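Open the structure in your viewer and keep the selection panel at hand. The tour goes from one selection to the next.

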Protein chains: 2
Amino acid sequence: MEPNGEPQWLNDDEREMWMRLVSTAILLPGTIEAQLKRDAGLSFFEYHVLAMLSEAEGRTRLMSDLAHWSNSSLSRLSHVVTRLEKQGWVRRESCPNDRRATNAVLTDEGFAHLEAHAPAHVAEVRRLVFDGLGAAQVASLSEGLATILENIDPGRTSDPRAGASVTRKTDDSATHDSKSPEGGC
Amino acid sequence: MEPNGEPQWLNDDEREMWMRLVSTAILLPGTIEAQLKRDAGLSFFEYHVLAMLSEAEGRTRLMSDLAHWSNSSLSRLSHVVTRLEKQGWVRRESCPNDRRATNAVLTDEGFAHLEAHAPAHVAEVRRLVFDGLGAAQVASLSEGLATILENIDPGRTSDPRAGASVTRKTDDSATHDSKSPEGGC
DNA sequence: GGCATATACTTGAAGCTTGAAGTATCTGTC
DNA sequence: GACAGATACTTCAAGCTTCAAGTATATGCC
C-alpha cells in the first residue's frame with residue numbers, strides 16, 4: 001500500500017478527530033431517529049424522503065433522482081416508498097414520457113404529517129448539532145466536511161432542493177397547485 | 001415545541017452544514033466498509049471490535065465494555081461476536097469473578113488478520129478523510145465534533161484505548177504475554 | 001426494422017440490526 | 001438467609017438493507 005515499508009499511521013490529533021467523526025456518524029443518526037420514530041413513526045431516511053418530496057416542484061420526484069440525492073440505492077428506496085405508500089403518505093405515478101420511469105408523489109396526508117412533525121425535528125437537530133456552536137465553528141465544520149465529501153465522492157454537489165430533512169418551513173404556496181414545471185420525469 | 005409560535009428554522013449556513021454532516025455520516029461508513037469488506041471480509045463495525053480488542057490488555061475485554069465503547073447495543077455485539085467466533089478471530093471466555101459476565105478475546109488468527117489489513121485501512125481513512133485537510137482544519141473539525149458529541153451524549157469521554165479502528169501500529173509487545181493486568185472482567 | 005445493450009425500476013432471498021423477552025447471576029435489604 | 005431488583009448477557013422474532021436476479025422500456029447501430 002505504501003511505496004516503502006511502513007504505512008502512514010495517524011498522529012494523535014488525527015486519531016482523536018477520526019474517533020470523534022466515527023462516533024458522530026454512528027450516534028447522530030440513531031439519536032435523531034429515536035425522536036422521529038417516537039413522535040412521527042418515521043425513520044430518519046423515510047423522513048428525509050418525505051422532506052425532499054415536500055420541497056420538489058409538484059411535490060414529485062423521479063425515483064432515481066430521489067435515490068441519488070438521498071444517497072441510497074434504488075432498491076432501498078423502492079422498498080421504503082412501498083412502505084410509505086402503504087401509510088398513504090406517498091403515491092407512485094408512472095411517467096408518461098418514459099414508461100420505465102416512476103415518480104414518487106407526496107400526498108396531502110404525507111405533507112400534513114411532515115408539517116406536523118417538522119418543528120420538533122428541527123428543534124432536535126438544533127439541540128444535538130447547533131447548541132454551543134458559534135457561527136465561525138459552523139463555518140469551519142462546514143468547510144472541513146465539504147473537503148471530506150469531496151474525497152469520498154468527487155464532483156458531488158448539493159441538490160438545490162435536497163433539504164436533508166426539513167429544516168425550514170415547508171413551503172406550501174409556490175409549487176403545488178398550478179401549472180408550474182413538474183419535479184418528476 | 002417553541003414557547004411562541006414559530007420554531008427556529010435553520011439559516012442557510014446551518015442548513016448547508018447540516019446537509020454535509022448528514023451526507024458524511026451516511027457515505028463515510030459505507031465507503032470505508034466497501035474497502036474493508038473487499039479486502040478483509042469485515043464490516044466496519046467488526047473491524048472496529050477487533051481493533052479495540054487488539055489494543056486492550058491481554059487482548060481481552062468485557063462484552064459490555066466493548067458494546068459501550070463501540071456505541072453498540074449488547075445484542076448487536078453478541079451477534080457480531082458470534083460471527084467473529086465462527087471465523088476463529090475471537091473467542092468467548094466466561095469471567096471467573098462474575099459468572100454473568102463474558103470476555104471477548106482476540107485470537108492469534110484474529111490479531112494476524114487485523115495486522116495484515118490495517119495498513120490498507122489506514123490508507124483508505126487517510127485518503128477519504130485527511131487528504132486536503134490541514135492541521136488547523138483537523139483541529140477545528142475535532143473541536144466542533146466534540147461539541148456535537150457532548151450534545152448527543154453528555155459526559156461521554158473517549159476511551160483511552162478505544163481506537164475507533166486501528167489507525168496506528170498494532171502493539172504486539174506490551175500487553176499480550178505476561179502477567180500484566182487483564183483487560184477483561 | 002431488428003438486435004444488442006443500457007436504463008429504470010421491482011422483487012426475492014439472505015443477512016444484519018433492533019427491541020422485547022428470557023436466563024443466569026449478583027447485590028442489597030429486611 | 002431469603003426475596004426483590006439489578007446486571008450481564010443471549011436468543012427470538014420482526015423489520016430493514018443489500019445483493020442478485022428479473023421485467024419492461026428505451027436507445028444506438030448496422
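Which element gives the most to the surface near DNA strand D? Select α4(A): this helix gives the most, with five residues. Before going on, note that this is a predicted model, in which local features need pLDDT of at least 70 and side-chain atom pairs count only at pLDDT 80 or more, while totals for chains, interfaces and linings use all residues. Residues are numbered from 1 along each chain as its sequence is written, with chains lettered from A and ligands numbered from 1 in the order in which they are written.

Two or more residues each come from α4 (74-87) of chain A and from α3 (63-69) and α4 (74-86) of chain B. Helices here are DSSP runs of H or I with at least four residues, numbered from the N terminus.

Last, show the contact between the chains. It takes 59 residues from chain A and 58 from chain B, where contact means C-beta atoms, placed from the backbone, within 7 Å. On the chain B side, α1 (12-40), α5 (108-130) and α6 (135-152) give two or more residues. Color α1(B) to see the largest share of that side, 18 residues.

Key:
Two residues are in contact if their C-beta atoms, placed from the backbone, lie within 7 Å.
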